[in-house]
Amino acid sequence: MPFDLPTRSFSGPLWPDLAALDGLCQALDGSGCELYLVGGAVRDWLRGVPNTDLDLLVRHPDLNSDALEDLLRRQLAPAPVLGVGESFRVLKVKWAGEWLDLALPSQPAPGTAQGWRSDPRLSLAADLGRRDFTVNALALRLCPGHEEPELSDPFGGRADLAAGQLRATGSAAERLHEDPLRLLRAARFAAQGLAPDAELTAAAQAAAPRLAQVAPERLWHEWQRLFAAPRSSAGLRWLARVGALAVIVPAWAEVEGLEQHNPHHRETVSDHLLSVVAELDRMGAAPLTRQAGFFHDIGKGRTRTLEPGPQGLCGHFYGHEKVGAELTRQSLRQLRASGQDIRDLSRLVELHMRPGQAGTRAAARRLVAAAGELLEPLLDLYAADRLAHVGEDPAQIAARQTFIRAAAADLPRAFSEHSLALSGHDLLALGLKQGEIGAVKRWLTEQVLAGTTPNERDALVQRLQAKDAPADRQSLK
């Protein structure tokens, strides 16, 4: 997707706040140091996207790393300066109350144990040349400089931004070999509207198996960022195209290209999953919901049965939501996702069929209680899923969402026996025995969810004393 990149002033609401760096540049004046803003902050400023992360680079044409560190300690005293890392050197400076990371120019060093070499004497172009993509190989010289910073763009990153194109800096195969995670970053940029070019796509196809060697925590971090992008479905489609999705989520291989043989579906299971994510993208749904859209039918590969029908084979997927919830849990554990994300996403997958089945007030109320705080993400997932089916009426989908919300408007989210207006102490005071409390509370909860009794103390007591209430409390267990 091409971007309009007008000439921008180095000021205004989209320009990073560099006030803290003015004093830093003054302190470095005359030292021979050069300070640059690099990478994502420059890229996003050119695109008109706010970015508060400051990636800074410091170089000196005549000093090695240790000498530069000593120089900065003298120039910036009494501000503390700490050197971090060996082969990939970063100088941490506390300035104006904030810790700033000043990276040193670096480039690959094949044959060394670390694989990288930092040296402040390296040229700016050499440092930018080791970055992943041309749109990140951009720099603004902050000091010493003129009234306005100077833009350095040795690899055509600004033109690629304008064209909506994503190219590797130099050899795509080499950049992905240095770090296979860059493949997943490329998908994130695709989800932001930058289409990977043919060379990058071919290199990604060759590099995809090496994603299995990347630490799961790193994969999970980029995976989450992908679903936070405006068009996450585009990034997922590119990952599927280059064969990377099945490496990140092995269960994807079970549904990729799987025909549904169902009149309600015109797509394979894998295409349907991506279509649902695309619907959620258009809705502006939360990243969690979009990820649930990706997983919601992942269990269909293990549950498909085929039966003869009037128009040929007919596919069924009985219990796919439960199988899918377990596969989601397994996939997320492999990615080292947080416990909360695992619980929420697997719960959304398990419940995704329920809104379509909640045709009565009682069913709707039970669904709301089961979904709890996940109700709105679940209703968004339901809508996107239905819209990706054949012949669905958007008005009917919206009406079902409204009906479910209204049916349980009097209930707190995640309603359970712990939410009852009658406590265990209340029931004991009414003459119940200790061993009967749990069963009675569960029975009363069901009466509230069924809509026959409001969750009010007097109404619950009256319901318990009604003629149709079980006389034998043991029968409730």
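Contact here means that heavy atoms lie within 4.5 Å of each other. In this predicted model, leucine 183 is, by that criterion, in contact with Leu176, Ala204, Ala207, Ala208, Leu211, Trp238, Leu239, Val242 and Ala244, leaving aside neighbours within four places in sequence. Leu183 also belongs to the largest nonpolar core, which holds 123 residues. Together with Leu76, Trp223, Leu239 and Phe294, Leu183 touches the most other members of that core. Another core of nine residues lies apart from the largest one, and includes Val90, Ala103, Leu124 and Leu128.

Turning to charged side chains, the count of salt bridges comes to 31. One of them joins glutamate 178 to arginine 182, with the closest N and O atoms 2.7 Å apart. Glutamate 178 is partly exposed, at a relative accessible area of 28%, whereas arginine 182 is buried, at 7%.

A second pair sits within helix α9 (residues 216-227). Here arginine 225 and glutamate 222 form a salt bridge at 3.5 Å, N to O. These two residues are three apart in the helix, so about one helical turn separates them. Arginine 225 is partly exposed at 38% relative accessibility, while glutamate 222 is buried at 2%. Both residues take part in a salt-bridge network that also links Asp179, Arg185, Arg188 and Arg218.

A further salt bridge connects arginine 405 with glutamate 376, the closest N and O atoms being 3.0 Å apart. This pair links distant parts of the chain, 29 residues apart: arginine 405 lies in helix α21 (residues 394-407) and glutamate 376 in helix α20 (residues 375-387). Arginine 405 is partly exposed at 34% relative accessible area, and glutamate 376 is partly exposed at 29%.

How values were computed:
Residues numbered from 1 in each chain as written. Predicted model: local features only at pLDDT ≥ 70, side-chain atom pairs only at ≥ 80, totals over all residues. Heavy atoms only, no water. Core = buried A, V, L, I, M, F, W, Y, C linked by side-chain atoms within 4.5 Å. Buried < 20%, exposed > 50% of the residue type's maximum accessible area, 1.4 Å probe, protein only. Salt bridge = Lys/Arg side-chain N within 4 Å of Asp/Glu carboxyl O. Helix = DSSP H or I, 4+ residues; strand = E, 2+ residues; numbered from the N terminus.
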